[in-house]
Amino acid sequence: LEEIEIRGRAQLWSHTTQHYAAPAPFRFDGPSPYRIGVAEFADGLKVVGMLVGGHGDEISIGQDVELTATTLFQDDEMQDIRTWGFEVLRTGESDEGNVT
Amino acid sequence: MSEVAVVGVGLHPFGKFPEKPLNEMIREAVMMALQDANMSWRDIEGIAAGSSRFSGGRGWGLSGNDLLTDLGSAGVPVYNLSAACATGASAFNVANMMILSGQHDIVLAVAGEKMPKGFIARPPGAIDDPREPEFLRWVCVGCPNTAYWALGARRRMMQYGTTESDFAAVSVKAHGIGAMNEMARFRRRIVKEDVFTSPMVSDPLRLQEICAVSDGAAAAVLCSSRLAGAKSRRPVWVAGTSAATSQLGDNELAIPEISAAANQENPEYQEVTSRAVAIALGRAGIGPSEVELVELQDNTVWQELEFPELWGLVEPGQSEWMLRRGDTSIGGRLPINMSGGFLSFGEATTVMGLFQVYELVRQLRGESGARQAGSPKVALGQTRGLGGNGAAVVLKR
């Protein structure tokens, strides 16, 4: 096995909106329902993560996303507990027909 | 000429049986299989048992030993097996090998399960290790099993134009057949509107498009060809079985992984269900186009459309069209899930491979009444389980 670094932009391979929160130990103080997506990077690697932004907008497969960090909740000491996620970018150019 | 036959099958009806101990459910399935085989408990020379994953029997996963205690300890060898949702098929596979090895002539494959309520969650006592995919997917992404299937479903909609109406039609078909199966848990016919008004779970999959969890048990008596002719009037032959696991480089997003490899050498979708089916068909010397009947793991409606294409039974993108034409229904050219499937039964995880064997054996014998799918000669059962487990069973008459 070798470590590889993922960074920057990827394309949305697929996505879902999760209408019931996953059970504990998952803890998330953000909006419900929440979105989960699969980002496909240039080398073909696919990574699952929560989707950030683009709420209320239609999101579509093939759209550009960018690796980011997002807050799950604040712990008892008001510390942000963060996870990775993918920010949905408004390129205005992506559409589902462009996916290869 | 196959060397092993299934000479008896038994099934405990599926449902929720909070007052009924698991050992009673398993015993009933075993007694039914023995009666079907016209055999007694003393005829059994060995046991391949699925280890109950959620109810645990006496707590150690020794389901085969619990059965011996219950029915009479006979000193026979017991293999307790675990392969998550592929456990039942794994037990069947091992029972087959126990006979093929020449060590035994008559072997029982058995599994029973009582499921906790609701969607399957992260197991208690799991380790909080950020290198563990089970930790990452539950804690960092909030990604239950239904989300994985929804990601596949959404991708399929983009690839082939599958509509929510197509997905709903799979559920309507399953429940229509399940309504005719006295062993099924959900026996009410539904229409698409019932699907559309059921709660959204993981978009685009709604509650009526996702299998529930159930309690159930199943058993099969396998017998060498040496004895099968004398013992059974109507043997069904084991043409091929397989157990397979995921492979480094698979580009499937397999539960509980949170990433999948690039696979540039072979851009084709690679995953374990295709591997398991191909191995079982290969052992049977049967091509995908010769399969006449399928029981597959419809955890959701998406699998019923996706899987037959992955295995080469259906041309990619044709499943929706075949469904609309009735090709995958009773009387169609490739009937799928004539039991009513997981959608009508609910999933008793470790049982399902043997649940499929029960259905396929009855179909191959022509005993399925209103659900009888013509007179098939070759049938395929498929299950896959957590941890990259895949299994398939090919039966013929």
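Mentor: Let us begin with confidence, since this is a predicted model. Chain A has an average pLDDT of 86, and 85% of its residues score at least 70.

Trainee: Over which residues of chain A does pLDDT stay under 50?

Mentor: The general idea comes before the case. Where pLDDT is low, the predicted coordinates should not be read in detail. In chain A, pLDDT stays under 50 over residues 93-100. The model has 13 contacts beyond four places in sequence for residues 93-100 of chain A.

Trainee: How many helices and strands does the secondary structure of chain A have?

Mentor: Chain A has zero helices and five strands. Along the sequence, the pattern of chain A reads β-β-β-β-β.

Trainee: What share of the contacts in chain A with a separation of 6 or more comes from residues 24 or more positions apart?

Mentor: Such pairs account for 54% of those contacts in chain A. As to burial, 42% of the 100 residues of chain A count as buried. The accessible surface of chain A is about 5,700 Å², and carbon and sulfur atoms contribute 45% of that surface.

Trainee: Let us turn to a single residue. Is B:A370 buried or exposed?

Mentor: B:A370 is classed as exposed because its relative accessible area is 59%, and the cut-off for exposed is over 50%. B:A370 is placed in the loop between α13 (352-364) and β11 (378-385) of chain B.

Trainee: With which residues is B:A370 in contact, leaving aside its neighbours within four places in sequence?

Mentor: B:A370 is in contact with B:M180 and B:I330, once those neighbours are left aside.

Trainee: Which residues line the largest cavity?

Mentor: The lining consists of B:E304, B:L305, B:P308, B:V314, B:S319, B:M322, B:L323, B:T328 and B:I336. The elements giving two or more residues to this lining are α10 (301-310) and α11 (319-325) of chain B. Sorted by class, the lining of the largest cavity has six nonpolar, two polar and one charged residues.

Technical notes: Residues numbered from 1 in each chain as written. Chains lettered and ligands numbered in written order. Predicted model: local features only at pLDDT ≥ 70, side-chain atom pairs only at ≥ 80, totals over all residues. Heavy atoms only, no water. 1 Å grid on protein atoms, 1.4 Å probe; cavity = no way out; pocket = protein on both sides within 12 Å on 5 of 7 lines; lining within 4 Å. Helix = DSSP H or I, 4+ residues; strand = E, 2+ residues; numbered from the N terminus. Nonpolar A, V, L, I, M, F, W, Y, C, P; charged D, E, K, R; others polar. pLDDT = per-residue confidence, 0-100. Contact = heavy atoms within 4.5 Å. Buried < 20%, exposed > 50% of the residue type's maximum accessible area, 1.4 Å probe, protein only. Areas by Shrake-Rupley, 256 points an atom, 1.4 Å probe, with all protein chains shown as cover.
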